[in-house]
Amino acid sequence: MDEATSNLDAEKESTIYKNLEQFEGIKFIVAHRISTIKNSDSIIFISYGEISSICKYDNLIKYNPKYRELYEEVISVEKIIKIKNLYKSYGKGLIKNEVLKDIDLNINEGEFVSIMGKSGSGKSTLLNIIATIEKPDKGQIVIDGNNIEKLSLKKANDFRREYLGFIFQDFKLIESMNVKENIAVPLLLKNEKPNTINQKIDNILKKLNIEYLKDKNSYEISGGEKQRVACARALIGSPKIILADEPTGALDSNSAENLMNLIKDINKKFNTTVLLVTHDKNVAEYGDRIITIKDGEIEG
Ligand SMILES: Nc1ncnc2c1ncn2[C@@H]1O[C@H](COP(=O)(O)OP(=O)(O)OP(=O)(O)O)[C@@H](O)[C@H]1O
Ligand SMILES: [Mg+2]
């Protein structure tokens, strides 16, 4: 197949490749998009008429920065998030705490990036800056062409609504609203019709196995349940980018696995970009790439 799916959206493309899995012969696929090559057994790079490298996808993106550079050089991947020279500190003078120092980070469209690092290393700060909740001291953050550190308050709100789904470390549910109302917030902000909203709520509650919580008050549910409600709220608006801060921190291993499979599924099916902070190596492994923050800097 020679660029056979390049004009299709990510969902249609993924259906075609799913069907293709049933065909047991050897498959050669010529492609540009990262989502297309993700499930191949091997990737062959051709550069100026010669094979420059053959590798597995996991080696390429997840574990080997050298292959990654090569990949980015040969293929022009669309970068959805571009962070350059980012600094953030809290406090002043002697008590100044430099939390992020000269962060450079590019994220491809449709990429699933896991962020690890010790407590206090600056992971949530980085996510909150990308989410336009915190302002950096210095640096540029471009998301899909929008220079977000320069946005006015109103524009930042519009931007968040259109692009982002968050799962916060402390859930941030609205206590005066019940579960169903909390989950509906992103859709209400987009002025979706009540029928559509109800249908989407039922779908997402079912996927996360929390239909029984629908009419409960948000202050009367457990930490793990709150976490799943927060996930439902983040996913319901089909955002282009999901920012998740320790989404499995309060879940048992079974629920964590279900949630991670759902996030991975959304990432693959809709080419949704995911940035996920976690302390758990098993959770981080769901990502295409794992980055580590140490003392406010990206390691490696
Ligand atoms: N609003 C704030 N005011 C002052 N200091 C802050 C603020 N937010 C974060 N910090 C400090 O910045 C540093 C990084 O915090 P951050 O929450 O980003 O860490 P983290 O890597 O997410 O940690 P954890 O794994 O515990 O969630 C910490 O030293 C923290 O105390
Ligand atoms: Mg944190």
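Colleague: Which residue in strand 4 is the bridge partner of I81?

Modeller: I107 is the bridge partner of I81 in strand 4. Before we go on, this is a predicted model, where local features need pLDDT of at least 70, side-chain atom pairs count only at pLDDT 80 or more, and totals for chains, interfaces and linings use all residues. Residues are numbered from 1 along each chain as its sequence is written, while chains are lettered from A and ligands numbered from 1 in the order in which they are written.

Colleague: What counts as a strand or a helix, and when do two strands pair?

Modeller: Both are DSSP runs, numbered from the N terminus: helices are H or I with at least four residues, strands are E with at least two. Two strands pair if DSSP finds at least two bridges between them. Strands of a sheet pair through backbone hydrogen bonds, either parallel or antiparallel. Here, strand 3 (residues 79-90) and strand 4 run antiparallel, joined by eight bridges. Another bridge partner is L100 of strand 4, which pairs with K88.

Colleague: What lies between strand 3 and strand 4?

Modeller: Six residues, and the two strands form a hairpin. In the turn, G91 has a positive phi of about 80°.

Colleague: What is the strand order in the sheet of four strands?

Modeller: The order is 4-3-6-7, in an open sheet with antiparallel pairing. Strand 4 (97-108) and strand 7 (146-147) stand at the edges with a single partner strand each, so one side of each has no neighbour in the sheet.

Colleague: And which order does the sheet of six strands have?

Modeller: That open sheet reads 8-9-10-5-11-12, with mixed pairing. Strand 8 (164-167) and strand 12 stand at its edges; each has a single partner strand, so one side of each is left without a neighbour in the sheet. Strand 5 (residues 112-116) runs parallel to strand 11 (residues 289-294) over four bridges, and I115 stands opposite I291. Strand 5 also runs parallel to strand 10 (residues 273-277), again with four bridges. There, S114 stands opposite L276. The antiparallel part includes strand 11 and strand 12 (residues 297-298), paired over two bridges. Their hairpin has two residues between the strands, and D295 in the turn has a positive phi of about 50°.

Colleague: How do I read two packed helices?

Modeller: Two packed helices are described by the angle between their axes and the distance between the axes. Axes are lines fitted to C-alpha atoms, for helices over the stretch in contact, and angles run from 0 to 180 degrees between N-to-C directions. Helix 1 (residues 10-20) and helix 10 (residues 253-270) pack at about 100°, with axes 6 Å apart. That makes helix 1 roughly perpendicular to helix 10 (under 35 degrees is roughly parallel, over 145 roughly antiparallel, 65 to 115 roughly perpendicular and the rest oblique). A10, E11 and S14 of helix 1 meet K268, K269 and F270 of helix 10; contact requires C-beta atoms, placed from the backbone, within 7 Å.

Colleague: Which strands does helix 5 lie across?

Modeller: Helix 5 (residues 123-130) lies across strand 3, strand 4 and strand 6 (138-143), at about 60° to strand 4. Helix 5 also lies across strand 5, strand 9 (241-245), strand 10 and strand 11, at about 150° to strand 10.

Colleague: Which residues surround ligand 1?

Modeller: A residue is near a molecule if its C-beta atom, placed from the backbone, lies within 6 Å of it. The shell around ligand 1 includes Y90, N97, G117, K123 and Q169. Strand 4 and helix 5 are the elements giving two or more residues. Helix 5 gives the largest share, three residues.

Technical notes: Two residues are in contact if their C-beta atoms, placed from the backbone, lie within 7 Å.
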